[in-house]
Amino acid sequence: MWTVLLVEDEGYVREAIRETVDWERHGFCVAGEAGNGREALAAILEFRPDVVIADIVMPGMDGIELLKETRKAGIRSRFIMLTAMSHFDYARDALQYGAFNYLLKLSLNDDVLLENLARIKGELLEELRDAGEALYPLYHRTWSGIRGTGALVHEDQAGTAAAAEKFRSLRLDIIAVLNGAVPAAADQAGIRTEAYLLVQSFYEGGQTTFFCWSFQKKADHARWNKPNCPAGLAAGSSLARLSQDWRSALNQLNGDWYGREASPMKDRHELPPVAELEAELIRCFEERNETKCAEVATRIWDIMEYSSFSHMEVKMLASHLLHMVAMLAGRKSEDHEGINSAISHESLLAHVLQTIREHIRQLKKEHVSFTDHPEVNRVIQYMLEHYKENIRVADLAKLVAINVDYLSTVFGKKTGLTPIAYLQNIRIEQAKRLLLHAKLSVEEIAFQTGFADDAYFIKVFKRLVGQTPSSFRRENNI
């Protein structure tokens, strides 16, 4: 609750003010009392109350001096000054030195005091909201640490630290919701915003985290009703425990992600390394084999579930895989909308498989002009799928059950190229993608695109592209 210090040299007056208001009901508590200005200043310096209700005329240090000394110490407590009619000039001075208001003792009642406290509460909440904006760099850094992507660098470290001081004594409830591509609203997450001083939302990677701030007190379970969507709660946290409790709330989503109760981590050393399966998936993609890609990706997903990968780890791996296949296909990287939309292990696998299929089918259409001759088209399709292999014209003729000479003649008429020249074009196009997007040597790329040796590959590449593979890679900043 917002804290109040009562400062009055007459004990019965302090008691009357204390009994005038149901402080707790209105969000305040009387945290201390003082009989003179010097006692009051010591109390202010010790626990920095939010509100000081002080008489102006007191022995030793009066209310005006108390206000001056408080401001010199850099403390922004709101001062409500009490005065008699004959002390109006003092009250005017108090306002000049930054008092919130002055009240006449003779007309003081609960309505007048509550009206001023309500206005002060509004100002304090606004200050808290402004300070809360400076916490977002901390949230981003913490999120990066949770995901294992390293801490982000932000310019206003000092501003964040200063703002954090306002929140160190507050209670924090962290509520994480697995909501998909559209950020969740507080009511969708089952949060009663009126029960908190401040509710902040943070959306990343298909999940929304709410940071719900309140005064320190016993847990109030009525503040949160678990929604229908997957959600996790870390109650009674603080800035000092932000990372571990946020991670705890996020991990509570894993059971919903897999459609079961979360199970302990299995020993990943007993399973095939995911990195090996990633490499196998890339090889299948380069071969444009949809069926094999689906089999390998499904194995990866099974291993992640068996090993109890967190849903964040699964999404990060999915992003990495789609980034790799997009580069190999010569496309822009995945925009993450499809990944963020997924709220289950199965739905994310379906998205990954669909994206891979689309890339493969688009690749099969690119740089290929299918003709009106079915046998020629069948030969072209075979080249697209088997360009890494040692293909001879005789094999192609056998594939479509026609004479070698006739195949060469009709293929030339329909495409303008011989079958071998057409195959070389397909291989060179794939080589260009690998040069741009894969960290492979020229010799490795020659092998991966079906050339017998790198010298012949370089010769063909230079003839068709106009420069060597190394020059092509260098000029494209790779």
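Guide: In this predicted model, a residue is called buried when its relative accessible area is under 20%, exposed when that area is over 50%, and partly exposed in between.

Visitor: Why is Arg78 called buried?

Guide: Arg78 has a relative accessibility of 10%, and the cut-off for buried is under 20%, so Arg78 counts as buried. Glu127, at 16% relative accessibility, falls under that cut-off too and therefore also counts as buried.

Visitor: What makes the contact between Arg78 and Glu127 a salt bridge?

Guide: The term requires a side-chain nitrogen of Lys or Arg within 4 Å of a carboxyl oxygen of Asp or Glu. In this pair the closest N and O atoms are 2.9 Å apart, which lies within 4 Å, and therefore the name applies. Arg78 belongs to strand S4 (residues 78–83) and Glu127 to helix H5 (residues 110–133), 49 residues apart, and the pair thus links distant parts of the chain.

Visitor: What makes the salt bridge of Glu290 and Arg361 a tie between separate parts of the chain?

Guide: The closest N and O atoms of Glu290 and Arg361 are 2.9 Å apart. Glu290 lies in helix H11 (residues 290–306) and Arg361 in helix H14 (residues 345–365), so this pair ties together parts that are 71 residues apart in sequence. Arg361, with a relative accessible area of 45%, is called partly exposed because that value lies between the two cut-offs.

Visitor: Why is Asp111 called exposed?

Guide: Asp111 has a relative accessible area of 55%, and since exposed means over 50%, the conclusion is that Asp111 is exposed. Asp111 has its place in helix H5, and its C-alpha atom is separated by 9.4 Å from that of Thr20, which is 91 residues away along the chain.

Visitor: Which residues have the most contacts inside the largest nonpolar core?

Guide: They are Trp213, Trp246 and Trp301, in a core of 96 residues. Helix H12 (residues 311–328) gives the most to this core, namely eight residues. Leaving aside residues up to four places away in sequence, Trp246 touches several others, among them Tyr139, Trp143, Ile174 and Phe211. Another core, of 20 residues, lies apart from the largest one, and its members include Ile44, Met58, Ala94 and Ala99.

Visitor: What makes S7 and S9 the edge strands of their sheet?

Guide: The open sheet has four strands in the order S7-S8-S6-S9, with antiparallel pairing. Strand S7 (198–204) and strand S9 (231–237) each pair on one side only, and are the edge strands. On average, neighbouring strands of this sheet are turned by 15° against each other, direction ignored.

Visitor: How do you know that S6 pairs with S8 and with S9?

Guide: Two strands count as paired if there are at least two bridges between them. S6 and S8 share eight bridges, while strand S6 (residues 171–178) and S9 share five, so both cases meet the requirement of at least two. Among the bridge partners are Arg171 with Ser214 in S8, and Val177 with Ala231 in S9.

Visitor: What is packed against this sheet, and how many residues of S6 are buried?

Guide: Helix H6 (residues 136–147) packs on the sheet, touching S7 and strand S8 (207–214), with its direction at about 40° to that of S7. Helix H8 (residues 242–251) lies across S6, S7, S8 and S9, and runs at about 35° to S6. Eight of the eight residues of S6 are buried, and both of its faces are covered, with Ile175 being one of the buried residues on one side and Ile174 one of those on the other.

Terms used:
Residues are numbered from 1 along each chain as its sequence is written. This is a predicted model: local features need pLDDT of at least 70, side-chain atom pairs count only at pLDDT 80 or more; totals for chains, interfaces and linings use all residues. Side-chain values use heavy atoms; hydrogens and water are left out. Helices (H or I, at least four residues) and strands (E, at least two) are DSSP runs, numbered from the N terminus. Buried means under 20% relative accessible area, exposed over 50%, partly exposed in between (1.4 Å probe, protein chains only). A nonpolar core is a set of buried Ala, Val, Leu, Ile, Met, Phe, Trp, Tyr and Cys residues joined through side-chain atoms within 4.5 Å. Contact means heavy atoms within 4.5 Å. Axes are lines fitted to C-alpha atoms, for helices over the stretch in contact, and angles run from 0 to 180 degrees between N-to-C directions.
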